[in-house]
Amino acid sequence: MISVEEAFRLVAEHVGPLEKVVTELSQAVGMTLAVDVKADRDSPPWRKSVMDGFAVGAEDVGEGKKLQIIETVTAGNAPTKIVGPGQATRIMTGAPMPEGADSVAMIERCKVDQDSGVVAIDLNSIRPGQHVLGQKANFAEGEVIYRSGHRIRDIDIGLLAEIGAAQVEIFRRPTAAVLPTGDELVDVSQMPTGPQIRNSNGPMLVAMLTSRGVQTLDLGIGRDSRDDLLAKIKRGLESDLLILSGGVSAGTLDLVPEALADCGVEAVFHKVKMKPGKPVFFGVHVRDDGRRGYVFGLPGNPVSSLVGFRLLVSHALNRMAGSPDMVKPSMPLLAISKEHSTRGDRPTFWPARRCTTEAGQAVEPLDWKGSSDLNTLGQAEGMIEFPTPGKTYQQGERLPFWPL
Ligand code: AMP
Ligand code: MG
């Protein structure tokens with residue numbers, strides 16, 4: 001059985017970046033940039049007023065001084081007149097500053113005499129440059145704004161729009177198929193009877209993939225029969241990723257590894273030293289056209305499936321999106337809020353949530369009942385990694401925290 005570190009390394013070794021494609025900006029959230037993106041103009045493109053008020057020369061402002069208003073400039077219009085001594089231009093937020101003026105007196109400090117077209121400013125002096133944003137203050141044309149490898153967040157879209165990135169080059173959105181297996185499973189819309197349970201992994205895996213921008217096909221429930229599995233696996237292998245749950249342990253009906261082998265999937269590993277999630281399977285499938293597909297067989301218990309996804313499927317998705325990371329990522333170390341003992345013979349990933357103790361920010365290991373207990377997971381924000389089995393960890397010890 002291999003270690004978690006080895007599993008990460010093997011996934012990275014086999015999974016590489018998908019092709020680069022150009023997409024509309026509106027479709028790019030969650031995708032990863034495949035090139036550096038540069039600014040196509042300065043920001044602001046010209047000196048700009050950031051207040052409604054009067055554009056003046058700072059040296060012109062003083063007690064009792066009055067200035068002649070020469071024109072009005074609103075955002076979207078350019079000034080036509082140079083502000084000379086004793087003059088002011090009425091200006092609105094976002095408008096370009098007129099030549100000759102270096103500052104803006106905010107409208108609230110100005111008194112306008114409409115009849116004479118004169119403004120008096122109730123300030124003794126004004127700081128040169130006040131309420132003016134210089135040309136290029138934010139960034140200059142040609143500057144790299146986002147580096148290749150940046151995952152585009154919703155909050156990045158405004159800046160990308162500002163720099164004219166109507167289309168962006170990204171790593172192609174992966175496709176995936178999800179296949180939960182088990183004779184005991186019924187659809188979420190049904191009331192299970194007798195020994196049946198609802199298929200919770202299928203919808204969960206579809207949701208986790210979809211929220212990562214993966215185009216996901218739900219293959220429905222696969223039954224614990226060779227023929228049903230072969231038919232559904234074949235369909236699933238048309239995607240970049242096939243994610244199965246269940247049927248990978250050592251039970252009599254755990255037919256998944258064999259069915260995958262029959263469909264031409266080469267096993268890379270089966271079983272990883274971790275808890276939960278030990279029976280996890282990873283394999284590679286090379287299609288007739290030479291394109292590679294990747295297969296994860298996650299254990300059926302819902303939390304085991306989730307941990308396998310959070311650790312290894314996420315790693316594969318990052319690699320497809322061009323991540324150069326080959327090894328297990330190092331997570332931030334957080335203090336545990338109470339003593340915790342580990343059992344068994346494998347490193348454990350334990351549901352936890354953030355909390356505050358007298359010593360500051362910490363994470364609380366939850367009262368988790370094991371790998372079928374989704375209820376506790378529902379209260380969790382992440383998982384604490386306890387690397388050593390059979391050890392009592394003291395309150396305050398700092399351990400890796402994997403956010404969910
Ligand atoms: P398996 O990995 O197939 O041996 O399943 C391990 C445990 O997980 C069993 O108790 C199954 O009933 C349960 N299980 C398997 N698949 C699912 C699923 N899709 N949703 C919820 N529980 C499941
Ligand atoms: Mg099963």
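## Cavities and the ligand site

About 120 Å³ of space lies in the largest cavity of this predicted model. Thirteen residues line this cavity, and those closest to its centre are Gly30, Pro174, Arg212, Leu317 and Ala321. Sorted by class, the lining comprises seven nonpolar, two polar and four charged residues. The largest cavity lies between domain 1 (4-18 + 173-320) and domain 2 (20-43 + 147-171), because both domains give residues to its lining.

Across the whole structure, the search finds two cavities of 30 Å³ or more.

Ligand 1, in turn, takes up the space of the second largest pocket. Around the ligand there are 18 residues, of which Glu184, Asn199, Ser200, Gly247 and Gly300 come nearest. The shell divides into five nonpolar, 10 polar and three charged residues. Polar atoms of Asn199, Ser200 and Gly300 approach the ligand at the distances tabulated below.

| Residue | Protein atom | Atom of ligand 1 | Distance |
|---|---|---|---|
| Asn199 | polar side-chain atom | nitrogen | 3.0 Å |
| Ser200 | backbone N or O atom | nitrogen | 3.0 Å |
| Gly300 | polar backbone atom | oxygen | 2.8 Å |

Taken alone, ligand 1 exposes 480 Å², and the protein buries 77% of that area.

Methods. Residues are numbered from 1 along each chain as its sequence is written. Chains are lettered from A and ligands numbered from 1 in the order in which they are written. This is a predicted model: local features need pLDDT of at least 70, side-chain atom pairs count only at pLDDT 80 or more; totals for chains, interfaces and linings use all residues. Side-chain values use heavy atoms; hydrogens and water are left out. A residue is near a molecule or strand if one of its heavy atoms lies within 4 Å of it. A polar contact is a pair of N or O atoms within 3.5 Å; within protein, one must be able to donate a hydrogen and the other to accept it, and residues adjacent in sequence count only if both atoms are side-chain atoms. Accessible areas come from the Shrake-Rupley method with a 1.4 Å probe; for residues, only the protein chains shown count as cover. On a 1 Å grid over the protein atoms alone, a cavity is a set of points where a 1.4 Å probe fits but cannot get out, and a pocket is an open set with protein on both sides within 12 Å along at least five of seven lines; lining residues have an atom within 4 Å of a point. A molecule sits in a cavity or pocket if more than half of its atoms lie within 2 Å of its grid points. Ala, Val, Leu, Ile, Met, Phe, Trp, Tyr, Cys and Pro count as nonpolar, Asp, Glu, Lys and Arg as charged, and the others, Gly among them, as polar. Grid points are joined across faces, edges and corners, and a volume is the space filled by probe spheres set on the points. Domain bounds come from an automatic or database domain assignment.
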